[in-house]
Amino acid sequence: MMNGEWERQRSAFNHGWLKNRLVTCLLRCKRVASGLVQDDIAQDDLLELLNGWELARLGAVQVLSEMESRVHHAVVPSSNDSLALGESTCRYLLEVDRLRWLQLTNAEMLGEEALRALGDIDDEIMRTRLWLQDSGTMPDSELLRNLEERARRLGALFSSITLCQDSIITSDEQV
């Protein structure tokens, strides 16, 4: 996956689905559950979002899988850079850049935390979805708060993860 595509996919999940859709809907639902406002479609909107979780989750897993791959595997240089600088020089420079990225960002730990947070929100989404399907009523404030906390934690982790930018030279997969 190219860096630009990875960043678009990370942003689509984090900002597009998680923060702008789920958290916003949860805030609406919390106001409804507390009796502050009446919103007849908030509950339906929440159920619709939670029913779309598997597709959104797939995008998140792909982002984390690519990051995990970059953490543990060397990046292959582009054929143009290999011709110009020699393959061994390119591999060395890319590995230096990758190791620098790992050191500066603590990428491995952030990826592991994000994966755990994804599992946590997955559990909470299933619990909330079952509540909505079984009871047909708005979940209580505590259930909504728990889901919001997990969504915000995952969003913060997704905001902090990055990929090595391969700033010295490029690889074929990132052209």
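User: What does the secondary structure of the protein come to?
Analyst: Seven helices and zero strands. Helices here are DSSP runs of H or I with at least four residues, strands are E runs of at least two, and both are numbered from the N terminus. From the N terminus on, the order is α-α-α-α-α-α-α.

User: Anything to know about the model and the numbering?
Analyst: This is a predicted model, where local features need pLDDT of at least 70 and side-chain atom pairs count only at pLDDT 80 or more, while totals for chains, interfaces and linings use all residues. Residues are numbered from 1 along each chain as its sequence is written, and side-chain values use heavy atoms, with hydrogens and water left out.

User: How much of the protein do buried residues make up?
Analyst: Buried residues are 41% of the 175 in the protein. Buried means under 20% relative accessible area, exposed means over 50%, and partly exposed is in between, with a 1.4 Å probe and protein chains only.

User: And what share of the contacts comes from residues 24 or more positions apart?
Analyst: 81%, counting contacts in the protein with a separation of 6 or more. A contact means heavy atoms within 4.5 Å.

User: Let's go inside. Which residues touch the most other members of the largest nonpolar core?
Analyst: F13, W17, L22, L46, I121 and F158, out of 41 residues in that core. The elements giving two or more residues to this core are helix 1 (3-33), helix 2 (42-51), helix 3 (53-72), helix 5 (87-105), helix 6 (107-135) and helix 7 (141-160). Helix 1 gives the most, with ten residues. As for the term, a nonpolar core is a set of buried Ala, Val, Leu, Ile, Met, Phe, Trp, Tyr and Cys residues joined through side-chain atoms within 4.5 Å.

User: Zoom in on F13. Buried or exposed?
Analyst: F13 is buried, at a relative accessible area of 3%. F13 lies in helix 1.

User: What is F13 in contact with?
Analyst: L18, W53, A56, A60, L154 and F158, leaving aside neighbours within four places in sequence. F13 and F158 are 145 residues apart along the chain, yet their C-alpha atoms are separated by 8.7 Å.

User: And what does L46 touch?
Analyst: L22, C25, L26, C29, T128, L132, P139 and L144. That leaves out residues up to four places away in sequence.

User: Switching to helix packing. At what angle do helix 1 and helix 3 pack?
Analyst: About 140°, with their axes 10 Å apart. That makes helix 1 oblique to helix 3. Axes are lines fitted to C-alpha atoms, for helices over the stretch in contact, and angles run from 0 to 180 degrees between N-to-C directions. Under 35 degrees is roughly parallel, over 145 roughly antiparallel, 65 to 115 roughly perpendicular, and the rest oblique.

User: Which hand is the crossing of helix 1 and helix 3?
Analyst: Left-handed. A crossing is left-handed if the near helix is turned anticlockwise from the far one by less than a right angle, and right-handed if clockwise.

User: Which residues meet there?
Analyst: From helix 1, N3, W6, Q9, R10, F13 and W17. On the helix 3 side they meet W53, A56, G59, A60, Q62, V63, E66, M67 and R70.

User: OK, charges. How many salt bridges are in the whole structure?
Analyst: A search finds 14. A salt bridge is a side-chain nitrogen of Lys or Arg within 4 Å of a carboxyl oxygen of Asp or Glu.

User: What does R98 pair with?
Analyst: E95, with the closest N and O atoms 2.7 Å apart. Both lie in helix 5, three residues apart, about one turn of the helix. R98 counts as buried, at 8% relative accessibility. E95 is partly exposed, at 23%.

User: And E5, what is its partner?
Analyst: R8, at 3.5 Å between the closest N and O atoms. E5 is partly exposed at 34%.

User: Which parts does the D120 and R153 pair tie together?
Analyst: Their side chains meet in a salt bridge at 3.6 Å, N to O. D120 lies in helix 6 and R153 in helix 7, so the pair ties together parts 33 residues apart in sequence. D120 is partly exposed at 34%, and R153 is partly exposed at 37%.

User: Which residues do shared partners join into one network?
Analyst: R28, D39 and D45.

User: Last one. What phi does N106 have?
Analyst: A positive phi of about 55°, although N106 is not a glycine. Most residues other than glycine have a negative phi. N106 lies in the loop between helix 5 and helix 6, and is partly exposed at 39%.
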